[in-house]
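Colleague: I would like to learn how to read ligand contacts and ring pairs in a model. Please take one feature at a time.

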Amino acid sequence: MADKLIIFDTTLRDGEQSPGASMTRDEKLRIARQLERLRVDVIEAGFAASSTGDFEAVKAIANTIRDSTVCSLARANDRDISKAAEALQGAARARIHTFIATSELHMEKKLRMTREQVLEQARQSVRFARNLCGDIEFSPEDGYRSDPDFLCRVIEAVIAEGATTINIPDTVGYAVPELYGQFIRDLRERVPNADKAIWSVHCHNDLGMAVANSLAGVKIGGARQVECTINGLGERAGNCSLEEVVMAVRTRRDHFGLEVGIDTSQIVPASRLVSQTTGFIVQPNKAVVGANAFAHASGIHQDGVLKARDTYEIMRAEDVGWSANRIVLGKLSGRNAFKQRLQELGIHLESEADINAAFARFKDLADRKSDIFDEDIIALVGDESVTHEQEHYRLLALEQQSATGERPHAKVAFAAGEVEHHAESDGNGPVDASLKAIESKLASGAEMLLYSVNAITSGSTESQGEVTVRLQHGGRIVNGVGADPDIVVASAKAYLAALNKLHSKTERVAAQG
Ligand code: KIV
Ligand code: ZN
């Protein structure tokens, strides 16, 4: 039987460290459920000691998820490790992931510790953690730039204390595939008790090689766990992309000879959910999950694919969860059909009240848009207003005028709690005018960091527009997403959704490693 490759997802921890990608507890929980449907082996839910918000998020995920191991990051000290253990108490399977830097640069400049102090702290922390949890992962931060002799001593010591997984991070994305693979292989050969732990790779994408490095760590180095994130989300250029690693190992099973337990049909829904929640849009030509990943534009390719699919296709779009823009529901569809379609799409809404709210939105959309696709339904339930996020601001009506040679003008009616506001403004364009109208009443003082519009279903102007707005205020960064066939309305919805998050004080739970 082929060896298993463990998929460790860190979207909710390392991915979330990306500026602007921080999530609320409820958002993290929603993504964790999708990761469970995707059947990832380990979900790194956060960094429990980093904030009350992240502690609560890890705890909620640990109490909810049953089929994946739930993990919390912890610095190598007793306080962090105790917090992680406490947050993970309700987990069906828990893991504590503790780390300390081992490169000369980090030890001297960041930690201001000697080698011997770092070695001792690593040893003691793993001993302490092992008394609280049977599944302990240890990471030497900046491991790839560490002195191999010293690294071998640290790793041998922590395995002797009971670490069950040894993860070698390329923290700054400096590695190249052959060298990284060889580095892992050398460590495994030199550490006397190496076979007592599973070896793991954790690569950042600064040189665009995170996936290649991770795969080399597996193939050349013999690692059997890959740490990765959905859409490659992560600080700077991001982390190793889960979908690319999984599909590479699956599609090239002849080369890797490994099994992955992932339900690949859940990849695209996971990608959409993460993109929608964080506002980090997936580039169209991104492998596996980009809108063009399976689009054959050239006549020769189209002709070939029609004659025999494998002339130009190495994977099937439906295997990774792309639905073929099928019209699934329409104006006459009832609540039961809607509920069933949610189930088929793997969407779980908390309560009947949430289903009713989503159904009301569906009816409203079906009145204005004749064909409703799966993508529309996914956007509809991703809409903040049908979830538990507190909805203080609501768009009631929007009217705008724009004509060539004239300055656009918008009138907006919206509710702020019980109070109804009517506002109007000019602007450079209709979107600008609408948001300025809202601001003329609210004077939120928020700074806009990002505004983007995407068509939900590709290929037609009949598609809904999905707008993402990222706002910054008082040290917090939030994302709001709004969808509507009218992109000006979608923009106002997205803006109000972001203001709702700023208003709700729901703590953004960014974990900082
Ligand atoms: O990149 C890194 O070094 C990390 C560790 C905390 C595992 O994310
Ligand atoms: Zn990392």
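**Ligand shell and ring pairs**

Modeller: This is a predicted model. Start with a polar contact: a side-chain polar atom of Thr-171 is 2.7 Å from an oxygen atom of ligand 1. Oxygen atoms of ligand 1 also lie 3.0 Å from an N or O atom in the side chain of Arg-13 and 3.1 Å from one in the side chain of Asp-14.

Colleague: How much of the area that ligand 1 exposes when taken alone does the protein bury?

Modeller: The protein buries 95% of the 260 Å². Strands β5 (94-101) and β6 (136-141) each give two or more residues to the shell. By class, that shell has 2 nonpolar, 5 polar and 3 charged residues.

Colleague: What describes a pair of aromatic rings?

Modeller: The distance of the centres and the angle of the planes. The structure holds 6 aromatic pairs. In one of them, Tyr-144 and Tyr-174 have ring centres 6.4 Å apart and planes at 50°, so the pair is tilted.

Colleague: Which parts does the pair of Tyr-144 and Tyr-174 tie together?

Modeller: Tyr-144 is in the loop between β6 and α6 (148-160), and Tyr-174 in the loop between β7 (165-170) and α7 (177-190), so the pair joins parts 30 residues apart in sequence. Tyr-144 is buried at 13% relative accessibility, whereas Tyr-174 is exposed at 54%.

Colleague: Are Phe-338 and Phe-359 buried or exposed?

Modeller: Both are buried. Their rings form a tilted pair, 5.6 Å centre to centre with 50° between the planes. Phe-338 belongs to helix α13 (residues 335-344) and Phe-359 to helix α14 (residues 352-368), so this pair ties together parts 21 residues apart in sequence.

Methods
Residues are numbered from 1 along each chain as its sequence is written. Chains are lettered from A and ligands numbered from 1 in the order in which they are written. This is a predicted model: local features need pLDDT of at least 70, side-chain atom pairs count only at pLDDT 80 or more; totals for chains, interfaces and linings use all residues. Side-chain values use heavy atoms; hydrogens and water are left out. A polar contact is a pair of N or O atoms within 3.5 Å; within protein, one must be able to donate a hydrogen and the other to accept it, and residues adjacent in sequence count only if both atoms are side-chain atoms. Accessible areas come from the Shrake-Rupley method with a 1.4 Å probe; for residues, only the protein chains shown count as cover. Helices (H or I, at least four residues) and strands (E, at least two) are DSSP runs, numbered from the N terminus. Ala, Val, Leu, Ile, Met, Phe, Trp, Tyr, Cys and Pro count as nonpolar, Asp, Glu, Lys and Arg as charged, and the others, Gly among them, as polar. Rings of Phe, Tyr and Trp (its six-membered ring) pair if their centres lie within 6.5 Å; planes under 30 degrees apart count as stacked, over 60 as edge-to-face and the rest as tilted. Buried means under 20% relative accessible area, exposed over 50%, partly exposed in between (1.4 Å probe, protein chains only).
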